[in-house]
Amino acid sequence: MTDRSPLHVSAVGVVSPAGLGAEQLAQLHRPAEKEMGLSSSPSRSFPVFLVDRSDPRWNTWAAEPRLRRAGGLAQFLVEAIHQVLFGVSEQERSRVGLIAVFNNGSIAHTARFFAGYRGQGRRFASPLFFPETVYNAATSHAAAVCGLGGPTCSLVGDESAWVEGIRMARIWLELGRATMAVVAAAEEVTSVSLDAFHSARWLRKSRPFRPSEGSAALLLTTRPQDALFALVDAPTSFPYRSQEELASAAAKLACELPPGIPVYHTAEASWLGSLEKTLFRQMPSAGSFPYLGEAFAVSAGWHTIRAASLLSERRREILLPLWGSIHQLSWLHLRLAGDVGATAANPPSEPIQ
Amino acid sequence: MRVVISKRGAKPAVAVTGMGAVTALGGDAFSSWKRVLEGSDGTRPVDLFETEGCRCRSAAQAAIPLLPSRTSAELRRLPRTSRFAIPAAWEALAQADLLIANGQAKLPQIPLCLATTEGGMEFGERFLEEILAGRKGRLRWVGRYQPEQQAIDLQRCFGLCGRSVVIANSCSSGADALGYAAQLIWSGEAACVLAGGFEALAETVFVGFDSLRILTTERCAPFDRGRSGLLLGEGAGFLVLESLEHALSRRARPLCLLTGYGQATDRYHLTQPSPDGGALCQAMESALAQAKLPREAVGYLNAHGTGTSLNDEAEARAYSRFFGAGWQTPRMSSTKAMIGHALGAAGAIEAVFSVLALSTGQLPPQWNTPDPLPEVEQALVRPLESSRPLNHTMSVNVGFGGSNAALLFSRYD
């Protein structure tokens with residue numbers, strides 16, 4: 001089922017608790033786990049993974065007029081997109097499309113706006129904060145700051161929305177709506193989002209879930225020249241709401257994956273880890289990286305970039321299951337650049353290890 | 001001028017085979033349409049939440065349609081948005097003959113392309129209320145707040161098991177969801193898609209618009225010189241889109257074709273449109289180019305027309321630039337004067353009206369605009385204007401963040 005047109009990834013961008021840039025993602029150089037308190041009970045704290053905002057490179061974006069009222073979410077998004085657009089001319093940017101994916105979105109601004117008008121009265125609600133509460137505010141800022149002139153779209157969803165974003169990019173490129181497309185995701189950990197995870201019982205000691213933040217971006221084209229790697233999006237995703245539905249959706253996903261291709265494990269440290277292990281025990285493993293916490297589509301982006309770094313002459317393809325934490329499961333098929341014609345049914349000359 | 005379809009090797013034509021809507025004027029597409037034509041006003045005092053302290057205290061608040069197949073316990077768990085989305089989607093699927101007797105979808109794999117700007121915001125507000133009071137927020141609020149949950153509500157209701165995508169491009173979201181659904185079909189990615197938008201009035205959004213001082217305390221008067229702001233609304237709109245070949249193979253009756261979708265981003269400002277309306281012109285141009293149609297082919301244009309000072313001025317200027325000074329065709333109106341601005345649902349509801357205009361030849365008048373802006377004066381549909389055969393209609397939306405979208409619908413004979 002992976003006989004679809006591949007997309008070529010010509011640049012990647014990363015903001016993560018490990019640092020700025022894809023190189024930092026390969027390995028954690030210092031302990032990234034920190035503690036954050038709940039809004040409702042600040043003395044009660046939980047371990048989280050946070051981006052180091054003391055890095056002087058953030059000053060550039062803090063000084064950007066368009067971002068003066070935007071929070072970390074927009075800054076993370078802009079930085080990752082800025083990274084992938086290095087070397088892309090102004091003229092080329094006029095035909096670059098942008099798809100940005102969020103899950104919690106600008107919940108920090110929403111909570112601040114809500115607390116403001118509930119505390120001080122509706123007549124004193126801040127007109128400065130409200131526009132930043134909108135899901136696509138960060139996308140709009142990013143398009144403006146990075147000078148992108150193609151179509152833009154904001155998607156809301158969990159890890160599976162990363163795949164939906166890549167699918168949308170492929171369609172835009174196929175239909176000629178853009179000459180290149182950036183798919184990016186951003187997420188910010190706030191004490192309010194921590195409250196939400198706490199309410200959802202995701203922070204119980206028995207669950208290894210750790211909230212994380214940052215961003216990830218891919219620059220996608222249909223041209224194989226200068227590609228870092230190629231990828232194909234899953235033909236479908238599998239929705240679920242309950243635990244029973246999740247098990248059934250996961251089984252369907254496992255059945256759909258082409259056999260014989262190494263699987264990059266993305267759920268090892270999450271609550272879905274045991275399910276992933278059970279489902280893929282018969283399939284070769286492509287390995288995994290140190291845990292960086294969960295940031296929904298951002299995590300999916302990090303997994304994509306980390307898994308791609310494992311592609312080599314000896315491992316030309318990798319399957320990347322993406323376990324949506326909230327409503328959908330999906331997957332990606334990564335291939336070595338210049339090797340896009342190969343499939344499990346039509347393997348490349350060297351055997352897959 | 002007719003659209004050429006079914007050329008060998010060409011992109012598949014996209015047929016509209018079902019539509020549904022819930023608005024402040026009715027619990028289904030036809031009753032909403034009838035009351036839009038009559039000039040009924042959906043404005044009423046908001047009683048969903050406290051508005052004390054706001055300048056504006058009215059909105060186009062909709063009544064929740066009955067969902068007979070649901071128990072009261074199930075209904076309590078659904079956010080208001082889902083209670084609009086489900087009946088509108090039901091109406092669309094039923095018209096497309098895609099429901100079996102028990103209300104389940106005949107094609108369970110069909111993907112969903114959905115649009116909203118706030119999801120189940122009233123649940124999010126209850127959660128924020130609890131944590132602000134220093135209590136642990138309840139799972140029932142946080143668990144059903146996010147827009148993905150409304151996707152699951154729809155999937156559960158109709159027994160759908162395909163993928164879903166939720167688009168949040170502010171006020172153009174609904175049009176973008178329909179446009180992306182068409183792109184899925186044009187690219188061969190899907191044969192049939194259920195697409196639409198939904199939105200419910202919520203205190204935070206209402207207070208937010210009020211804080212920006214863009215809500216009117218008078219009648220909403222799009223494109224009028226004396227306009228004083230927008231009227232917030234709520235509801236849902238859905239279309240069933242499928243490749244023409246797919247529709248004909250299952251003997252479904254196409255209502256019309258979706259022949260063009262244009263999208264462009266205005267980078268001028270987060271909340272203000274560029275005064276020249278360049279991105280809007282680009283979106284309309286792109287939609288027409290896709291259908292290979294000239295500008296004069298459009299017979300009716302459902303404009304965004306919110307009634308705010310900046311939007312309507314920029315929009316009127318864009319139309320004047322695009323269709324020429326003193327333009328009279330296409331005939332144009334903004335139906336937000338009666339149903340309000342339903343944000344993420346607006347583009348989908350207005351697309352339903354554009355399809356209805358195309359199929360009936362009736363033109364929704366521009367109500368509440370006695371003193372129109374000169375750029376659009378000649379083009380606004382007047383009350384009692386006679387119906388006429390239309391070959392193509394366009395629906396246009398503009399959103400916060402600079403999202404501009406245009407959908408083009410064409411007659412199918």
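The C-alpha centres of domain 1 and domain 2 of chain A lie 22 Å apart. Where these two meet, the contact (heavy atoms within 4.5 Å) takes 45 residues from domain 1 of chain A and 37 residues from domain 2 of chain A. Domain 1 covers 7-221 and domain 2 covers 229-336, with bounds from an automatic or database domain assignment. Please keep in mind that this is a predicted model, in which local features need pLDDT of at least 70 and side-chain atom pairs count only at pLDDT 80 or more, while totals for chains, interfaces and linings use all residues. Residues are numbered from 1 along each chain as its sequence is written, chains are lettered from A and ligands numbered from 1 in the order in which they are written, and side-chain values use heavy atoms, leaving out hydrogens and water.

Let's stay with chain A and look at Arg4(A), in the segment before strand S1 (7-16) of chain A. Arg4(A) is buried, with a relative accessible area of 18%; buried means under 20% relative accessible area, exposed over 50%, and partly exposed in between, using a 1.4 Å probe and protein chains only. Leaving aside residues up to four places away in sequence, Arg4(A) touches Arg167(A), Arg170(A), Val232(A), Asp233(A), Ala234(A), Pro235(A) and Glu189(B). Val232(A) is 228 residues from Arg4(A) in sequence, yet the two are 6.7 Å apart in space, C-alpha to C-alpha.

Now over to chain B. Its secondary structure comes to 13 helices and 12 strands, where helices (H or I, at least four residues) and strands (E, at least two) are DSSP runs numbered from the N terminus. The radius of gyration of chain B is 20 Å, close to the 22 Å that the globule rule gives for 413 residues, so chain B is as compact as a globular protein of that length. That radius is taken over C-alpha atoms, and the rule is 2.2 Å times the number of residues to the power 0.38. The C-alpha atoms of chain B fill a box of roughly 60 × 50 × 40 Å along the principal axes, and buried residues make up 66% of the 413 residues. Among contacts in chain B between residues at least 6 apart in sequence, 78% join residues at least 24 apart.

One helix of chain B deserves a visit: H8 (residues 203-211) is mostly covered, with 9 of its 9 residues buried. Among them are Phe206(B), Phe209(B) and Asp210(B). The buried residues of H8(B) pack against helix H5 (107-120) of chain A, as well as strand S3 (58-59) and helix H4 (121-132) of chain B. After H8(B) comes Arg213(B), whose phi is positive, near 60°.
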